Amino acid sequence: MYLFRVGGGFAEQDTFRSVTYDYYIKSFLANPLFGKGIGYSPGIIVGSSRESDFVYQQLMQGGHGAYLSMLGIWGLGGLGFLISMLGGGIYNSILLIKMKQHEQLGVFCFFYLVVLSINFISGGNGYSSMEMWLLCGWVAALISKNRGKNVRN
């Protein structure tokens, strides 16, 4: 928790994001398993109209912290999905490196997914990250090809 207190914490450094995180947590507590869903947000009135618009937009479509965003919008199911995609991509890129085939692409995907997983702490919305989908798709396709499954030679 001390990490979030650096420089006064989110409340001092970025009030918009701090309020958004509070609403994500409230949304999760109201709907823990499957979340509230995308495209729905209750009426929000906080601070200025600019701040209310920002928070409303983030709660409608997610963003500014993929893990909390997925938790608030999609619940535990959505967070589990995001973590399984990132974890699976990282794990399979390690397998790709160990196979000694497409080693460079495996190393690239591994490091990019690790950096992306760190970036998701304060950025992104989790479900529309084209980089994550592309890298996980590459790794899955190459693993499948190397194992000879579902591929015509």
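Predicted model: local features only at pLDDT ≥ 70, side-chain atom pairs only at ≥ 80, totals over all residues.
User: Which residues of α6 are buried?

Analyst: Met132, Leu135, Cys136, Val139, Leu142 and Ile143 of α6 are buried. The term stands for under 20% relative accessible area, with exposed over 50% and partly exposed in between (1.4 Å probe, protein chains only). Viewed down the axis of α6, these buried residues fall within an arc of 135 degrees, so they line one face of the helix. The arc is taken from the directions between the helix axis and the C-beta atoms. Their cover includes α4 (66–98) and α5 (103–119), where contact means heavy atoms within 4.5 Å.

User: What makes the buried residues of α5 line one face?

Analyst: Gly106, Cys109, Leu113, Leu116 and Ser117 are the buried residues of α5. Down the axis of α5 they fall within an arc of 100 degrees, so they line one face of the helix. Gln104, Phe111, Val115 and Ile118 are exposed on the other side of α5. The buried residues of α5 have α4 and α6 among the elements that cover them. As for span, the 17 residues of α5 should reach 24 Å, and its end C-alpha atoms are 24 Å apart, which agrees.

User: Which residues form the nonpolar patch on the surface?

Analyst: Phe108, Tyr112, Leu134 and Trp138 form this patch, with about 380 Å² of accessible area together. Patches take residues with over 30% relative accessible area and no salt bridge, joining like charges within 9 Å and nonpolar side chains (Val, Leu, Ile, Met, Phe, Trp, Tyr) within 5 Å. Leu134 lies in helix α6, and its relative accessible area is 44%, which makes it partly exposed. Both α5 and α6 supply at least two residues each to the patch.

User: Why is the pair Lys100 and Glu103 called a salt bridge?

Analyst: A salt bridge requires a side-chain nitrogen of Lys or Arg within 4 Å of a carboxyl oxygen of Asp or Glu. The side chains of Lys100 and Glu103 meet at 4.0 Å, N to O, and the count by this rule is 1 salt bridge. Lys100 has a relative accessible area of 61% and is therefore exposed, whereas Glu103, at 35%, counts as partly exposed.

User: What is the phi of Lys100, and what is that of His102?

Analyst: Most residues other than glycine have a negative phi. Lys100 has a positive phi near 65 degrees without being a glycine, and His102, also not a glycine, has a positive phi of about 60 degrees. Lys100 sits in the loop between α4 and α5, and His102 is found in the loop between α4 and α5. At a relative accessible area of 39%, His102 is partly exposed.

Conventions
Residues numbered from 1 in each chain as written. Heavy atoms only, no water. Helix = DSSP H or I, 4+ residues; strand = E, 2+ residues; numbered from the N terminus. Areas by Shrake-Rupley, 256 points an atom, 1.4 Å probe, with all protein chains shown as cover. Expected span 1.5 Å × (residues − 1).
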